[in-house]
Amino acid sequence: MAVTIIDVAREANVSPSTVSRVIADSPRISEQTKRKVREVMERLAYHPNFQARNLAAKSTKTIGVIMAHSTSLAFQNPFFPEVIRGICTSAHSSQYGIYLSTGGTEEEIYQEVVSMVQGRKVDGIILLYSRVNDRTMNYLKRSGFPFTMVGRPYQYEDEITYIDNDNKQIAHEVVDYLFSLGHEQIAFIGGNLDYVVSSDRLEGYRQALMEAGLSYSDAYFIHDDVFKSQGKGSVHDLMKLDAPPTAIVAHDDLVAYEIIRYLEELSIQVPKDISIVSFNNHALSAYVKPPLTSVDISIFELGFEAANFLLEMVSNPEVAVKSHFVSTALIERESCKRMNGLVE
């Protein structure tokens, strides 16, 4: 049986109205009483309902948006403001607001989602990531609570509604593009394989090499953890191989910017000495030196359609599970050249 406000009041030896005022952070309640009541709430796993008025109408008119990192870190990546802009555009048209997660760790994010669901603070949830063996996703699936994902689920793909790019295919196309320019030594840098987007892009890269008659080499792959911890050193080791790459596929534009900086410090010029192509096509990519060739993954549309799917589920719980790959386009700029020396 769910814990009620009366249970909390009884355990804390205060009135239910006092518990309500603590939840509202009323200045009329002393800090000592607030601490006592909050300790009881935590011990009893009581999740206050901040949307009681809307619940009477069986709706909070709010969407929960869950990021893989805390907001302080997530907004350093231009992907998140743009995908949230898409979500907000869809939500606004249906007179919904959004509730952003603020957890800084996997555990904090999980607990925040549990609170959202059990406290009925939102009508549905959008996960802005797909992690391998993700506790939060598994909880949402078990709970039967409406949710959608930006990213292909690691498991239960046919049972979860999601929106994504065909990351295997676009990575394949990027390698094909470099191969068409005469590149055969092609490296892949970045990507946390705990996330499905990274493993899919790496798999597409591998498949493209195989189909082009090229062999995959671990020496040409720098994992995200290694790149973050060793930075310039990892790029230096790559370029000191007996057969260094002539082209690099970067996991996303932010990784590509770092690579270009490290190469410049090593007196290696892009695209004169090495070509680089990336994913996400952030606005800044047209203005870095050299302007970056990147795959536009329709970030706004990812958020917009994820919200559309979720709102459809909220209004009709019996709606069929669906998935969709949004369109992508390779935006050619000046970071790649043909092996004969011509810049593409």
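Reader: In which sense do strand β3 and β4 pair, and over how many bridges?
Author: In this predicted model, strand β3 (residues 124-127) pairs with β4 in the parallel sense, over three bridges.

Reader: Through which helix does the chain cross from β3 to β4?
Author: The chain passes through helix α8 (residues 135-143), and this β-α-β crossover is right-handed.

Reader: Which residues of strand β4 point one way, and which the other way?
Author: In β4 (residues 147-150), F147 and M149 point one way, while T148 and V150 point the other way; all are buried.

Reader: And how does β4 pair with strand β5?
Author: β4 and β5 (residues 162-164) are also paired in the parallel sense, over two bridges. In β5, I163 is the bridge partner of V150.

Reader: What packs against these strands from α14?
Author: The buried residues of α14 pack against β3, β4 and β5, and also against β1 (62-66), α6 (79-93) and β11 (323-325). Those buried residues are I299, L302, G303, A306, A307, F309, L310, L311 and M313.

Reader: What span should helix α14 have, and how far apart are its end C-alpha atoms?
Author: Helix α14 (residues 299-315) has 17 residues, so at 1.5 Å a residue it should span 24 Å. The end C-alpha atoms of α14 are 25 Å apart, which agrees with that expectation.

Reader: Let us change topic to the other sheet. What is the order of the six strands in the open sheet?
Author: The order is β7-β6-β8-β9-β10-β12, and the pairing is mixed. The edge strands are β7 (221-222) and β12 (329-331), each of which pairs on one side only.

Reader: How many bridges join strand β6 to β7?
Author: Two bridges join β6 (residues 186-189) to β7, and these strands run parallel. I189 has I222 of β7 as its bridge partner.

Reader: Which helix packs on that sheet, and which strands does it touch?
Author: Helix α9 (residues 167-180) packs on it, touching β6, β8 (247-250), β9, β10 and β12. The direction of α9 makes about 165° with that of β9.

Reader: I also see K289. Where does it lie, and is it buried or exposed?
Author: K289 lies in the loop between β9 (275-279) and β10 (293-296). The relative accessible area of K289 is 75%, so this residue is exposed, the cut-off for exposed being over 50%.

Reader: How far apart are K289 and S335 in sequence and in space?
Author: K289 and S335 are separated by 46 residues in sequence, and by 8.4 Å in space, C-alpha to C-alpha.

Reader: Finally, the whole chain: how many helices and strands does it have, and what does the C-alpha trace span?
Author: The chain has 14 helices and twelve strands. Its C-alpha trace spans about 80 × 45 × 30 Å along the principal axes. Of the 344 residues in the chain, 49% are buried. Among contacts with a separation of 6 or more, 67% come from residues 24 or more positions apart.

Definitions and conventions:
Residues are numbered from 1 along each chain as its sequence is written. This is a predicted model: local features need pLDDT of at least 70, side-chain atom pairs count only at pLDDT 80 or more; totals for chains, interfaces and linings use all residues. Side-chain values use heavy atoms; hydrogens and water are left out. Buried means under 20% relative accessible area, exposed over 50%, partly exposed in between (1.4 Å probe, protein chains only). Helices (H or I, at least four residues) and strands (E, at least two) are DSSP runs, numbered from the N terminus. Two strands pair if DSSP finds at least two bridges between them. A crossover is right-handed if, with the strands pointing away from the viewer, the path from the first strand over the helix to the second runs clockwise. The expected span of a helix is 1.5 Å times one less than its number of residues. Contact means heavy atoms within 4.5 Å. Axes are lines fitted to C-alpha atoms, for helices over the stretch in contact, and angles run from 0 to 180 degrees between N-to-C directions.
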